[in-house]
Amino acid sequence: MNRLWVRLAIGFILVALITTGLVTILVNRQANTQFNIFIINNELVQLGILDDLVSYFDANGSWQGVEQILSNPQPSRGPQQRRGMMMNTLPDLTLADENWHVIYSDRHDLANRPLPIEERGNALSIMSENRVVGYLSAGLPAAFQLTTVEQSFLDQLYRSLLQVGLLASGLALLLGIIIARGLAAPLHRLARAARQIAQGKLDQRVSVHGAEEVADLAHAFNDMAASLQRNETLRRNMVADIAHELRTPLTVIHGSLRALLDDVYPMEKSEIASLYDETLTLNRLINDLRELALAEAGQLTLHLDTIDLRPLLESTADFFKSAADAQGVNVILSLPEDDILVKSDADRVRQVLRNLLSNALRHTPANGEIRIQLEAQPGQKMAQISVSDTGSGIPAEHLPYVFDRFWRADKSRARERGGTGLGLAIARQLVEAQGGQIGVDSTPPAGSRFWFTLPQTAG
Ligand code: ADP
C-alpha cells in the first residue's frame with residue numbers, strides 16, 4: 001500500500017527486525033565462545049588448578065619449574081563430579097607472567113612469546129599477596145560440550161532475544177501508525193482545502209500547527225490562497241471597472257443617436273461632432289487599457305538608452321507652454337547647471353511627463369503656476385523630475401489611491417474633461433519598468449507635487 005502510515009510502519013518494523021537479527025547473530029557468536037570459556041575458566045577454578053599455581057608461586061617466589069605442574073596437572077580437588085568428559089581431556093593451558101610473557105603453553109606456537117592480545121581478555125589473573133603475578137589462559141578442548149543445563153541457558157537466552165524482537169516489531173508497528181497518522185492528518189486537511197480552492201472557494205484556509213515543516217507548508221498554502229483571493233478580487237474589480245467605463249461613452253452615443261433618429265435633436269454637424277468626440281474618448285480608453293495591460297504584464301517594449309534629461313525637459317516644456325498660456329497658467333522650468341544622464345526610454349519619459357503636466361494643467365486655475373524641476377540625487381544615484389502646481393491639491397485620504405487604475409477624486413467631472421482615470425496608473429508602470437519610483441506630495445489647497453526618479457548613468 002502506498003499510504004504514509006503503512007510505509008512508516010514497515011520502515012519501523014524492518015529497523016526493529018534488522019536490529020534484533022543483528023543482535024541475535026552477534027550474541028550467538030559471542031555467547032557461544034565466551035560462554036564456553038567462562039565455563040572452562042570456572043572449571044579450572046573448581047578443579048583447584050588456579051589455587052595450585054598460586055601456592056606454587058607463593059612457595060617459590062617465581063614461575064621457575066612450573067612446567068612440572070602444568071604438563072601433568074593433578075587437580076588438587078575431587079574433579080570428576082561435574083564434567084566427566086573434561087577430566088579425560090583437560091583444556092590446552094597457557095601460563096603468562098605479569099607482563100603477558102608466555103612461560104608455559106600446551107600450544108607450541110605460543111612458546112616464549114607474548115600472549116596474543118585477543119586472548120588476554122579471557123585469561124584468569126593469578127594473584128599473590130594482592131598483586132597479579134601471572135595469567136592462566138585455557139583453550140577449548142576439541143571434544144568440549146555444554147551440559148544440558150548450560151545448553152538450556154543458552155537456548156533460553158535466544159528465546160528471550162526472539163521475544164524482544166517480536167515485541168520491538170509490535171511496538172514499531174504501533175509507533176509507525178501513531179506517528180504516521182499524526183503526520184498525515186494535516187496533509188489530508190491541506191489536500192481537502194486545495195481541492196476546495198480548485199473548485200473556486202478561495203476563502204479556504206488551514207490551521208497552522210504541528211511539526212515545523214508541516215506548519216510551514218500550511219503557512220505557504222494560506223499565503224497562496226490569500227494571494228489567489230486578492231488577485232481574483234482585483235480581476236473582478238477590473239472587469240467591473242472596465243465595463244463601467246466603457247458603458248458611459250456608449251450610453252451617450254446610444255442616447256444621442258436615438259435622439260437624432262427620433263428627430264429630438266436636429267441632424268446637424270455639431271451633434272455628429274459631439275458623437276465623434278465620444279468615440280475618441282472610447283478609443284483613448286481602449287488604448288490606455290491596452291497600454292496598462294501590457295505594462296502590468298511586463299510586455300512593454302522599452303528602448304533603454306543613455307539620455308540627457310535637460311534638453312528632453314526643455315522641449316517637452318516648450319511644447320506644453322502654448323496650452324498653459326491659453327489657460328493663463330505660468331510654466332517655470334528649473335534645471336541644474338550640469339547635464340543629467342539617465343538610462344531610460346526617451347519616449348516613455350516624455351509620455352510620463354506629459355501625463356503629469358496635463359493633470360497639473362487640468363487642476364490649476366488661471367494665474368496659477370506649474371513648476372518643472374530636475375535634480376540629481378547623488379547619494380542614491382537617481383535623477384528626480386518633479387511637476388508642482390498651485391492647483392486644488394489632493395486631500396491626504398485620497399493620496400494612497402491616485403495611482404490606482406480608474407481612480408478619480410471627482411468621477412463625473414474628470415470624465416467630462418476627458419480623463420480616463422488610467423493616466424497615473426500607466427505612469428507608475430512606465431517609471432517602475434525603467435527602474436524608477438513615482439510619488440506625490442500634496443498639501444491642499446496649496447497644490448500638488450508629483451515626482452518620479454530614473455536611474456542615473458555614470459559620466
Ligand atoms: P485622469 O484621467 O482622471 O486624470 P489620472 O490617473 O491621471 O486620471 O489621475 C487620477 C486622479 O488623480 C485624477 O482624476 C485627479 O482626481 C487626481 N489628480 C491627478 N493629478 C492631479 C493634480 N495635479 N492635482 C489634483 N488632483 C490630481
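Colleague: How many aromatic pairs does a search of the whole structure find?

Modeller: The search finds three aromatic pairs. Rings of Phe, Tyr and Trp (its six-membered ring) pair if their centres lie within 6.5 Å; planes under 30 degrees apart count as stacked, over 60 as edge-to-face and the rest as tilted. In one of them, the rings of Trp100 and Tyr135 have centres 3.7 Å apart and planes at 5°, so this pair is stacked.

Colleague: Where in the chain are Trp100 and Tyr135?

Modeller: Trp100 is in the loop between strand S1 (93-97) and strand S2 (102-105), and Tyr135 is in strand S4 (residues 131-138). Helices (H or I, at least four residues) and strands (E, at least two) are DSSP runs, numbered from the N terminus.

Colleague: Are Trp100 and Tyr135 buried or exposed?

Modeller: Both are buried. Buried means under 20% relative accessible area, exposed over 50%, and partly exposed in between (1.4 Å probe, protein chains only).

Colleague: What kind of model is this, and how are residues numbered?

Modeller: This is a predicted model, in which local features need pLDDT of at least 70 and side-chain atom pairs count only at pLDDT 80 or more, while totals for chains, interfaces and linings use all residues. Residues are numbered from 1 along each chain as its sequence is written, and side-chain values use heavy atoms, with hydrogens and water left out.

Colleague: What is the geometry of the pair formed by Phe403 and Phe450?

Modeller: That pair is edge-to-face, with 6.1 Å centre to centre and 75° between the planes. Phe403 lies in the loop between strand S9 (382-389) and helix H11 (411-416), whereas Phe450 lies in strand S11 (residues 448-455). Phe403 is buried, with a relative accessible area of 9%, and Phe450 is buried at 8%.

Colleague: Which strands pair with S9?

Modeller: Strand S8 (residues 369-377) runs antiparallel to S9 and is joined to it by eight bridges. S9 and S11 also pair in the antiparallel sense, over seven bridges. Two strands pair if DSSP finds at least two bridges between them. Ser386 of S9 is the bridge partner of Gln373, and the bridge partner of Ser386 in S11 is Trp451.

Colleague: Why is S9 described as largely enclosed?

Modeller: Eight of the eight residues of S9 are buried, so the strand is largely enclosed by the rest of the structure. Met382, Gln384, Ser386 and Ser388 are on one side, with Ala383, Ile385, Val387 and Asp389 on the other.

Colleague: What does the side chain of Gln384 contact?

Modeller: A polar contact of 3.0 Å joins it to the side chain of Arg449. A polar contact is a pair of N or O atoms within 3.5 Å; within protein, one must be able to donate a hydrogen and the other to accept it, and residues adjacent in sequence count only if both atoms are side-chain atoms.

Colleague: Which residues are closest to the ligand?

Modeller: Asn359, Arg362, Asp389, Gly421 and Leu424 are the closest of the 21 residues that surround the ligand. A residue is near a molecule or strand if one of its heavy atoms lies within 4 Å of it. A polar backbone atom of Leu424 is 2.8 Å from an oxygen atom of the ligand, and a polar side-chain atom of Ser448 lies 3.4 Å from a ligand nitrogen atom.
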